[in-house]
Amino acid sequence: MATVFTKIIEGEIPCYKIAENNTHFAFLDINPIAKGHTLVVPKKEIDYIFDLPDDLLSETMVVAKKIAAAIDSSLSPIRTGIIVEGLEVPHAHIHLVPIYKPSQKFSLGHSVDISENEMQEIADKISAGVNI
Ligand code: AMP
């Protein structure tokens, strides 16, 4: 059965889209731990990130780097951190999490409250600066 991320990539489930190319898709995490929390997903459905072929793993990190640059310029965090966990959705992905203050909670399993309107505004801001 297709993963929830494949369904998003194929347009069966809505998302706050950030960017897409032939191999990757990025969108806002629906349970953001910070404003602008983004997921970068290789379209190829592989569960464990370290099972990705080397070239795809490298490309995933390069795509994440480009999207982090757009997050940094559009939302002005101190910097953008990354989390890789994959315990919930069995489809490899990188969490990009803007860090706005050193004391910010930086782990999955909680979320900040952001309205649907603001989620769309955030996605629009980030995606305006992305070129992958
Ligand atoms: P993990 O697999 O533990 O790295 O976490 C999976 C992440 O995917 C969680 O942060 C979820 O909030 C996120 N997620 C699950 N379903 C969706 C969805 N439909 N749209 C956006 N993010 C999602």
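This is a predicted model: local features need pLDDT of at least 70, side-chain atom pairs count only at pLDDT 80 or more; totals for chains, interfaces and linings use all residues.
A polar contact here is a pair of N or O atoms within 3.5 Å; within protein, one must be able to donate a hydrogen and the other to accept it, and residues adjacent in sequence count only if both atoms are side-chain atoms. Residues are numbered from 1 along each chain as its sequence is written, and side-chain values use heavy atoms, with hydrogens and water left out.

So who touches the ligand?

| Residue | Protein atom | Ligand atom | Distance |
|---|---|---|---|
| D29 | polar side-chain atom | oxygen | 2.5 Å |
| I30 | polar backbone atom | nitrogen | 3.1 Å |
| L87 | backbone N or O atom | oxygen | 3.3 Å |

On its own the ligand exposes 510 Å², and the protein buries 90% of that (Shrake-Rupley method, 1.4 Å probe).

Now for the neighbours. The ligand is surrounded by 17 residues, each with a heavy atom within 4 Å of it. The closest are D29, N31, G86, H93 and H95. By type, the shell splits into 10 nonpolar, four polar and three charged residues (Ala, Val, Leu, Ile, Met, Phe, Trp, Tyr, Cys and Pro count as nonpolar, Asp, Glu, Lys and Arg as charged, and the others, Gly among them, as polar).
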